[in-house]
Amino acid sequence: MANTFKSAATGSRTALTTMYTCPSATSAVVHAIYLSNIDGTNDATVSVAISGSANFDHRSYILKTVDVPADSTLVIEKPINLEAGDVLKAVASANGDLQAFASVLEIT
């Protein structure tokens with residue numbers, strides 16, 4: 001079994017945007033997700049969801065419309081297990097206000 005650390009990131013979009021897709025024949029553990037509001041003035045909201053595999057034949061939200069104040073960062077530090085084909089996605093209330101970063105351990 002090989003373990004490989006990966007980074008996944010996306011800028012904010014008002015459409016659900018893929019951050020990370022778990023490859024075939026692989027499982028993954030998301031160790032942390034960092035959601036940073038880079039707008040110095042305005043708060044923004046963020047939603048984070050998983051979809052893709054047989055376990056997630058529909059979208060399952062980890063966060064739904066959570067406020068991230070201007071110039072601050074929200075951190076999710078609980079592990080999230082993903083199977084092959086699972087997709088981690090994020091959506092923001094404003095284009096360009098948020099940056100999302102995830103630390104992922106792939107297990108093959």
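Trainee: What percentage of the 108 residues in the protein chain is buried?

Mentor: Keep in mind that this is a predicted model, where local features need pLDDT of at least 70, side-chain atom pairs count only at pLDDT 80 or more, and totals for chains, interfaces and linings use all residues. Residues are numbered from 1 along each chain as its sequence is written, and side-chain values use heavy atoms, with hydrogens and water left out. Buried means under 20% relative accessible area, exposed over 50%, and partly exposed in between, using a 1.4 Å probe and protein chains only. By that cut-off, the buried share of the 108 residues is 42%.

Trainee: How many helices and strands does the protein chain have?

Mentor: Helices (H or I, at least four residues) and strands (E, at least two) are DSSP runs, numbered from the N terminus. Reading from that end, the elements go β-β-β-β-β-β-β-β-β. The count is 0 helices and 9 strands.

Trainee: What radius of gyration does the protein chain have, next to that of a compact globule?

Mentor: The radius is taken over C-alpha atoms, and the globule rule is 2.2 Å times the number of residues to the power 0.38. For 108 residues that rule gives a value near 13 Å, and the protein chain agrees with it because its own value is 14 Å.

Trainee: How many residues of strand S3 are buried?

Mentor: S3 covers residues 27-37 and is mostly covered. Of its 11 residues, the buried ones number 8.

Trainee: Which residues make the nonpolar surface patch of about 230 Å²?

Mentor: Patches take residues with over 30% relative accessible area and no salt bridge; like charges are joined within 9 Å, nonpolar side chains (Val, Leu, Ile, Met, Phe, Trp, Tyr) within 5 Å. A salt bridge is a side-chain nitrogen of Lys or Arg within 4 Å of a carboxyl oxygen of Asp or Glu, and areas come from the Shrake-Rupley method with a 1.4 Å probe, with only the protein chains shown as cover for residues. Phe-101, partly exposed at 33%, is found in S9. The patch is made by Tyr-34, Val-75 and Phe-101.
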